[in-house]
Amino acid sequence: MKLHVAEIGSESSVVVLFLHGFPEISYTWRHQMIAVAKAGFRAIAPDYRGYGLSDIPSQPEKTSFADLVKDIAIILHSLGISKVFVIGKDFGGMVAYVFALFFPEKLAGIITLGIPYMPPQALKQLQTLPEGFYMRRWQEHGRAEADFSRFDAKTVVRTIYILFSRSEVPIANYAASYGKSGFLTALQIPYRSMLEEIAPPNQDPNAMIVEAPALFITGEKDFFFSFPGMAEYLKCGIKNFVPNLEIKYLPEGSHFVHEQFPDKVNQLLLNFLNHNKF
């Protein structure tokens with residue numbers, strides 16, 4: 001299987017690994033990759049298997065979070081990279097934290113945007129959302145396929161962006177890639193794998209903790225805040241699992257805050273990277 005990996009910066013520099021969400025691909029990180037490279041870091045951003053320009057797995061309906069983490073580990077090994085900062089957006093943050101749990105020795109620090117660290121019990125709580133809510137709807141085999149099949153890829157991606165951010169981005173780049181890959185893997189990961197059990201070594205499965213320096217960046221207008229219990233979790237619960245976490249709020253930010261306010265997000269990223277640089 002061939003995986004597409006975008007890269008910019010010197011091979012001798014400290015590496016920053018960017019992990020996209022849905023309906024994005026590695027292109028979503030264009031502003032951030034250029035910024036960190038100009039600051040002296042090496043930026044790497046893969047398209048997950050079944051996403052963007054990467055190959056589609058033979059059985060996309062069986063793709064797991066473990067597969068994505070394994071792919072990341074293989075990419076780093078093939079490039080001779082032993083330690084990284086990891087930055088994840090949307091469900092890319094979930095991939096980032098699973099990577100952190102399995103490979104703490106490879107992690108210099110972790111940043112997520114849009115979705116914070118979610119322990120298994122919090123993910124199970126999402127199943128209490130109304131059945132008609134998009135996340136629950138897309139978990140059901142056939143329903144999202146029926147929704148998406150009525151439109152071309154460009155219309156699907158544009159609709160999702162407008163729904164979650166009330167704005168548009170350069171849709172053509174995403175539409176072309178989803179026109180190639182389709183949405184089967186994207187529906188499997190994350191929506192139909194949300195409750196996948198993971199068992200990292202040397203971790204209590206009921207209290208998996210990430211000790212590395214961490215940052216969560218979110219827009220105050222992100223729809224994710226409307227999820228039951230999320231505001232209270234960020235205020236009182238999350239540091240039980242990520243004790244060295246700092247949270248930054250951008251008042252007008254939406255779920256796609258890194259594309260909406262790239263300069264503000266870039267500065268937050270660089271402050272964190274430079275403070276924790278190894």
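Student: Which residues is Ser254 in contact with, leaving aside its neighbours within four places in sequence?
Tutor: Ser254 touches Phe164, Ser165, Gly219, Lys221, Asp222 and Gln260. Keep in mind that this is a predicted model.

Student: Okay, and where is Ser254?
Tutor: Ser254 sits in the loop between strand 7 and helix 11 (257–260).

Student: Is Ser254 buried or exposed?
Tutor: Ser254 is buried, because its relative accessible area is 5% and the cut-off for buried is under 20%.

Student: What about Ile247, where is that one?
Tutor: Ile247 belongs to strand 7, which covers residues 245–250. With a relative accessibility of 21%, Ile247 counts as partly exposed.

Student: Which residues does Ile247 contact, its neighbours within four places aside?
Tutor: Those are Phe216, Leu234 and Ile238.

Student: And how far is Ile247 from Met33?
Tutor: Their C-alpha atoms are separated by 21 Å, and along the chain Ile247 and Met33 are 214 residues apart.

Student: Let's jump to Leu19. Which strand is it in?
Tutor: Leu19 is in strand 2. Leu19 is buried, at 0% relative accessibility.

Student: At what angle do helix 2 and helix 3 cross?
Tutor: Roughly 70°, and the axes of helix 2 (residues 65–78) and helix 3 (residues 91–102) come within 9 Å. That angle makes helix 2 roughly perpendicular to helix 3.

Student: Is the crossing left-handed or right-handed?
Tutor: Helix 2 passes helix 3 in a right-handed crossing.

Student: How do helix 1 and helix 12 pack?
Tutor: Helix 1 (residues 30–38) and helix 12 (residues 262–275) have their axes 10 Å apart, at an angle of about 45°. So helix 1 is oblique to helix 12. Helix 1 also passes helix 12 in a right-handed crossing.

Student: Which residues make that contact?
Tutor: From helix 1 you get His31, Gln32, Ala35 and Val36, and from helix 12 Pro262, Val265, Asn266, Leu269, Leu270 and Leu273.

Student: New topic: aromatics. How many aromatic pairs are there?
Tutor: The count comes to 28 aromatic pairs. Take Phe133 and Phe227: their ring centres are 5.4 Å apart and the planes are at 80°, so this pair is edge-to-face.

Student: Why does 80° make it edge-to-face?
Tutor: Because planes over 60 degrees apart count as edge-to-face, and the planes of Phe133 and Phe227 are at 80°.

Student: What does the pair tie together?
Tutor: Phe133 lies in the loop between helix 4 (120–125) and helix 5 (134–139), while Phe227 lies in the loop between strand 6 (214–219) and helix 10 (230–237), so the pair ties together parts that are 94 residues apart in sequence. Phe133 is partly exposed, at a relative accessible area of 24%, whereas Phe227 is buried at 3%.

Student: Which lysines lie over the face of a ring?
Tutor: Lys83 lies over the face of Phe278, at 5.7 Å from the ring centre. Lys264 lies over the face of Phe261, at 4.8 Å from the ring centre.

Student: Where are there cis peptide bonds?
Tutor: One joins Phe22 and Pro23, with omega about 15°. Pro23 is in the loop between strand 2 and helix 1. Another joins Ile189 and Pro190, with omega about 25°. Pro190 is in the loop between helix 9 (184–188) and strand 6.

Student: Last one: what is phi of Asp90?
Tutor: Phi of Asp90 is near 55°, a positive value in a residue other than glycine. Asp90 is in the loop between strand 4 (84–89) and helix 3, and is buried, with a relative accessible area of 7%.

Methods. Residues are numbered from 1 along each chain as its sequence is written. This is a predicted model: local features need pLDDT of at least 70, side-chain atom pairs count only at pLDDT 80 or more; totals for chains, interfaces and linings use all residues. Side-chain values use heavy atoms; hydrogens and water are left out. Rings of Phe, Tyr and Trp (its six-membered ring) pair if their centres lie within 6.5 Å; planes under 30 degrees apart count as stacked, over 60 as edge-to-face and the rest as tilted. Helices (H or I, at least four residues) and strands (E, at least two) are DSSP runs, numbered from the N terminus. Buried means under 20% relative accessible area, exposed over 50%, partly exposed in between (1.4 Å probe, protein chains only). A charge sits over a ring if NZ of Lys or CZ of Arg is within 6 Å of the ring centre and within 35 degrees of the ring normal. Axes are lines fitted to C-alpha atoms, for helices over the stretch in contact, and angles run from 0 to 180 degrees between N-to-C directions. Angles under 35 degrees count as roughly parallel, over 145 as roughly antiparallel, 65 to 115 as roughly perpendicular and the rest as oblique. A crossing is left-handed if the near helix is turned anticlockwise from the far one by less than a right angle, and right-handed if clockwise. Contact means heavy atoms within 4.5 Å.
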